[in-house]
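My notes are below the picture.

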Amino acid sequence: NDDPMVRGLALRALCSLRLPQMVEYISEPLRRSLTDGHAYVRKTGVMGILKMYHLDSDAFERCNFVDILYEMLRDPDASVVSNCILVLNEIMADSGGMAINRAIMMHLLNRIHEFSEFGVIVLIELIHRYIPANDDEAYSIMTLLDPVLKTSNSGAVMAVIQAFLALAIQIQDTASAGDMKRHVITRIKAPFVTLVSAGSSELVHVLLKNMHAIVDLCPGIFNDEYRQFYVKHNHDPTHVQYLKVKILPKLANPNNAPDIVSELAELVQDSDSQLSRLAVRSMTRIACHNVGGSGCEQSVALRLVEMLDSTVDHVCSEAATGLASVIRSHPNLKEIIAPPLPRCLRYIQESAGRASIIYLLGECGDVVDEAPYVLEKLIDGYDEERNLNSNVRASLLTSTIKLFFQRPPEVQHMLGRLLAKITDDVSSQDLHDRGLYYYRLLQAGAASNYQTCQQAVLAAASAQPALFCEEDDADLREELMKEFNTLAILYGKPSVNFVHSKYRMVHVLMPPEHPLPPG
């Protein structure tokens, strides 16, 4: 037929007949379509090859279509080329995707301005598998990709960011690689922030998830844009609000920390309890990580102490939990935190909050005069309050032990009663074993070296960790950065945890002979 649209639609209909008996009838029309004079027919023929591959892979191999597809990467029409890349990647998925080398990459990148937005993404996704021949080639590729950052297509921008980060890793000089990462993040900051401020809620959620990973990679780059991540109640849906509140403490520095803390303090009173909790946790993170400059931790601690008297149960509970973390990082703040602790235990209902207040009483026992007597009431009511959470009972045991070494005469008898009750309590095996451990430790200390026993119990209290072990997720973040701009970032776990090995894409860097030796 003289009409290319009729020829293309006829070929498309023919290839859609998923019958093995049809293979011998479609192979020759497919071969002729690849040399047709119209791009639509050639593009349809390329996709027909993929259908034939899934229908009968043996017949596909006999027709030698793979070599033909590689030849078609020189096709004058960019839409045909992008389809060839897609088909080759799927056909060769078991070996890591389409084979690439220097000639192919540079040929395709020099034509990137001809591709549609969809074709640009398909092309750029090849780059994170490509090993540049040398550092100069890596810089040349970045120069060719730089104009794509000015497009409004978020998919293309994210693909460029992924490619830039992959190329930065390939830089042979380690020092230059570190500087290159910062330069890359600085370069993509403006388009990234523009997309976050102007995109749909679904798009903003994906961008913020990826930004969460980028901020950890190069801290400090986005700090001056912190206002862009303030919650907009009349515009942002809840899932976007949550992500923004989690990102804000990572943008804090001595210059902007007071503004960020004030903004988070406003969110604490929000009617959304989850947003309120996240705001308290973010304030705590700023204080614990010492990113707010001199006096910031005292300011945050004072705000958290005020929240202890809140009439909203989840606020005072989260504030108590936050103060427990703050005092682990800053033991010198005991004088600020200690005064309201005895009365707080009477009205905080959540188990996490009660456990934190009890922990704080043990840490501040040398400051709070009535601390042993507050804990004694809980010990005497241990049998009546069997519904106590195991974390609350564990905190009670730990705090009583600490108080014993600080004020032995007042605590000795109540500690004995508590150990007896815990060792008889079989509702929690962990708590039971911990009680036996402390009993044997005290027994050994009384018989041999009391100071050694005291040091073993109080050593943790005097330590000031730079990073709590529960926050040390460096290995996970490194794994996730290898799968940047994928569902792994959204789910917060590597793809091996949610993609079956049968469908997992093999990541193979090509070509194997790169990088070339200098000269």
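These entries go through the core, then the cavity, then a pocket.

**Core.** I kept in mind that this is a predicted model. I started with the largest nonpolar core and found 163 residues in it. Ile124, Leu145, Phe222 and Ile357 have the most contacts inside that core. I then checked which helix gives the most to this core, and α10 (residues 154-170) came up, with eleven residues. As background, nonpolar side chains in soluble globular proteins tend to be buried together.

**Cavity.** I looked for cavities of 30 Å³ or more and got one. The largest cavity has a volume of about 80 Å³. It is lined by 13 residues, and Val196, Val204, His235, Asp236 and Lys244 are the closest to its centre. Helices α11 (174-198), α12 (201-217) and α13 (238-247) each give two or more residues to this lining. By class I wrote down four nonpolar, six polar and three charged residues for the cavity lining.

Next I went to the second largest pocket, with a volume of about 1,100 Å³. I found 33 residues lining this pocket, and His128, Thr486, Arg504, Met505 and Val506 lie nearest its centre. The elements giving two or more residues here are α6 (78-91), α8 (117-124), α10 and α27 (487-491). The pocket lining splits into 16 nonpolar, eight polar and nine charged residues.

Technical notes:
Residues numbered from 1 in each chain as written. Predicted model: local features only at pLDDT ≥ 70, side-chain atom pairs only at ≥ 80, totals over all residues. Heavy atoms only, no water. Core = buried A, V, L, I, M, F, W, Y, C linked by side-chain atoms within 4.5 Å. Buried < 20%, exposed > 50% of the residue type's maximum accessible area, 1.4 Å probe, protein only. Helix = DSSP H or I, 4+ residues; strand = E, 2+ residues; numbered from the N terminus. 1 Å grid on protein atoms, 1.4 Å probe; cavity = no way out; pocket = protein on both sides within 12 Å on 5 of 7 lines; lining within 4 Å. Points joined across faces, edges and corners; volume = space filled by probe spheres on them. Nonpolar A, V, L, I, M, F, W, Y, C, P; charged D, E, K, R; others polar.
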